[in-house]
Amino acid sequence: MKTLKLLQAYLMVLLLALSVGCNKNDDTEEPLPPPVKTFDVKVQLVYPQGYSSNSGINVKLTNSITNTTFEAATDSTGMATFTVTAGVYDASASETRSIAGNAYLLNGIKSGITINDSWTGSEAVSINLEESKAGQLVVKEFYFNGCQQNVSGKFQRDPYVILYNNSNATASLENLCFGVTLPSNSHGSNNDYVDGTLSYASEGWIPAGFGIFYFSSTLTLAPGEQAVVAINGALDHTITYSNSVNLAKPDYFVFYDPDKFSQTTYHPSPSEAIPTSHYLKAVKLAGVTSTAFTMSVTGPAFFIFATENVTPAEFATNPANLNQNNGSATQTRAKVPSSWVIDGVEVFKKDGADNKKRLTANIDAGSIAFPDVSQGYTIYRNVNKTATEAIASNAGKLVYSYSGGVDDTTDPSGIDAEASIRNGAHIIYMDTNNSSSDFHVRGKASLKN
């Protein structure tokens with residue numbers, strides 16, 4: 001009996017110890033992390049005179065560092081409401097209106113919205129929408145980041161752009177020019193911002209850095225026809241670099257004016273297959289000493305325009321039309337009137353870059369994030385599914401289940417544009433003057449199909 005009592009006492013002590021141990025563990029558990037703090041952000045669309053507010057318009061709020069995008073629809077007053085974490089954001093919106101048979105684009109952007117503990121959310125962020133008319137000619141594809149060499153390293157002297165007649169009427173354009181903005185990089189320092197707004201937006205111009213290239217004769221494209229323009233070497237680069245593209249075809253064009261830009265690394269003599277009539281002329285802006293026409297390989301802003309009532313050379317050599325970036329004569333810019341701009345695409349460097357817009361909202365209200373990997377990727381325009389499927393002659397010619405996008409980007413239409421074109425289809429591309437909606441990153445250049 002004494003042994004039994006001792007055993008019972010021992011068990012009681014053991015249970016008490018275990019109980020204390022359990023309580024101790026409960027008391028020392030890691031506390032739960034505090035909830036992530038969020039902020040309410042109201043965005044108000046401000047329409048041009050003559051336009052009323054619309055409900056259901058998609059507004060985007062994009063973190064300029066992470067490129068994370070939030071979307072919300074407007075109410076009947078044109079107001080969209082978001083709940084986001086702290087950060088620096090760009091707000092943008094796009095809308096298309098049909099008036100008297102013409103398509104009008106309403107685009108707006110507000111950059112540098114800082115959300116932190118000082119944010120009260122009591123006042124709405126205003127986006128002033130700007131009106132522009134949909135055009136015929138669009139940038140269909142833009143290849144600028146290069147590819148991998150055969151063994152190791154990058155090859156980035158094979159960029160090109162494809163222009164496309166996106167209408168049902170023949171396009172004939174005189175004085176057609178090409179420009180890239182300065183600052184060149186989306187993530188570089190930008191002194192053009194004043195209180196979160198591009199200073200030249202209210203002045204109605206876009207900066208074309210270093211110089212411009214232009215067609216010396218009228219460019220004529222039938223509906224659905226395209227023009228391939230080599231920005232550097234019009235050569236068959238695949239001979240040396242199998243991952244590159246062949247830009248040595250007789251119907252292609254090329255930036256080549258050695259009297260203005262003579263650096264052969266960027267501007268080698270074109271292939272004999274390219275007729276000299278397809279060489280584009282150049283103007284090097286006053287004070288520029290560079291012997292090469294260069295652009296960013298990570299985040300360029302590229303646009304096409306046509307001069308009015310003046311030749312491209314007359315426009316770009318007139319001192320009244322010039323502006324110096326950062327006050328430096330070697331970084332002279334041409335002040336291209338926004339009304340002359342036909343199309344443009346704004347590329348942001350992906351992954352952690354502090355990107356800033358350079359194209360104004362009436363030209364491009366958004367941007368397309370691009371990975372700096374030099375894998376032969378391109379910026380490719382999305383298909384306008386409704387307009388393309390509405391063309392009766394496209395019946396049975398459209399190819400679906402498109403899978404050519406990179407990472408989380410794709411053509412939301414699901415239509416494989418290049419495969420459909422090879423089938424004889426007539427493709428109509430998206431054109432909302434907003435790169436966020438109009439483009440995706442394509443894993444292979446269309447010229448390699």
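# Bridges, cores and a pocket

Visitor: How many salt bridges does the structure hold?
Guide: This is a predicted model, in which local features need pLDDT of at least 70 and side-chain atom pairs count only at pLDDT 80 or more, while totals for chains, interfaces and linings use all residues. Residues are numbered from 1 along each chain as its sequence is written, and side-chain values use heavy atoms, with hydrogens and water left out. A salt bridge is a side-chain nitrogen of Lys or Arg within 4 Å of a carboxyl oxygen of Asp or Glu. By that rule, the number of salt bridges held by the structure is 13.

Visitor: How many helices and strands does the protein have?
Guide: Both are DSSP runs numbered from the N terminus: helices (H or I) have at least four residues and strands (E) at least two. Counted this way, the protein has five helices and 29 strands.

Visitor: How many residues apart in sequence are the parts that Asp-408 and Lys-350 tie together?
Guide: Asp-408 and Lys-350 form a salt bridge whose closest N and O atoms are 3.8 Å apart. Lys-350 lies in the loop between strand S26 (341-349) and S27, and Asp-408 in the loop between helix H3 (385-389) and helix H4 (417-422), so the distance in sequence between the parts they tie together is 58 residues.

Visitor: Is Asp-257 buried or exposed?
Guide: Asp-257 pairs with Lys-260 in a salt bridge, with 3.8 Å between the closest N and O atoms. Buried means under 20% relative accessible area and exposed over 50%, with partly exposed in between (1.4 Å probe, protein chains only). Lys-260, at 33%, counts as partly exposed. With a relative accessible area of 5%, Asp-257 is buried.

Visitor: Which residues do salt bridges that share partners join into one network?
Guide: Let's begin with a simple pair: Asp-354 and Lys-356 form a salt bridge, their closest N and O atoms being 3.2 Å apart. Elsewhere, shared partners make one network out of Asp-343, Arg-381, Asp-431 and Asp-438.

Visitor: What is the volume of the largest pocket, and which element gives the most to its lining?
Guide: On a 1 Å grid over the protein atoms alone, a pocket is an open set of points with protein on both sides within 12 Å along at least five of seven lines, and lining residues have an atom within 4 Å of a point. Grid points are joined across faces, edges and corners, and a volume is the space filled by probe spheres set on the points. The largest pocket comes to about 760 Å³, and 32 residues line it, with Lys-60, Thr-69, Ser-367, Ile-368 and Ser-436 closest to its centre. With three residues, the element that gives the most to the lining is S29.

Visitor: Which members of the largest nonpolar core touch the most other members?
Guide: A nonpolar core is a set of buried Ala, Val, Leu, Ile, Met, Phe, Trp, Tyr and Cys residues joined through side-chain atoms within 4.5 Å. Of the 36 residues in the largest one, those touching the most other members are Phe-142, Leu-163, Phe-178, Phe-215, Phe-302 and Ile-379.

Visitor: Which residues does Phe-215 touch?
Guide: Phe-215 sits in the loop between strand S18 (211-214) and strand S19 (219-221), and at 7% relative accessible area this residue is buried. Contact means heavy atoms within 4.5 Å. Leaving out residues up to four places away in sequence, Phe-215 touches Leu-163, Leu-176, Phe-178, Val-229, Phe-253 and Leu-280.

Visitor: How far apart in space are His-187 and Asn-246?
Guide: His-187 is in the loop between strand S14 (176-180) and strand S15 (193-194). With residues up to four places away in sequence set aside, His-187 touches Thr-298, Lys-349, Ala-353, Asp-354 and Asn-355. His-187 and Asn-246 are 59 residues apart in sequence, and their C-alpha to C-alpha distance is 31 Å.

Visitor: Where does the peptide bond that is cis, with omega near 15 degrees, run?
Guide: Most residues other than glycine have a negative phi, and most peptide bonds are trans. Pro-183 is placed in the loop between S14 and S15. The cis bond runs from Leu-182 to Pro-183.

Visitor: What is the relative accessible area of Ser-374?
Guide: Ser-374 is not a glycine, yet has a positive phi of about 50 degrees. This serine lies in the loop between S27 and strand S28 (378-381). Ser-374 is buried, and its relative accessible area is 0%.

Note on methods
1 Å grid on protein atoms, 1.4 Å probe; cavity = no way out; pocket = protein on both sides within 12 Å on 5 of 7 lines; lining within 4 Å.
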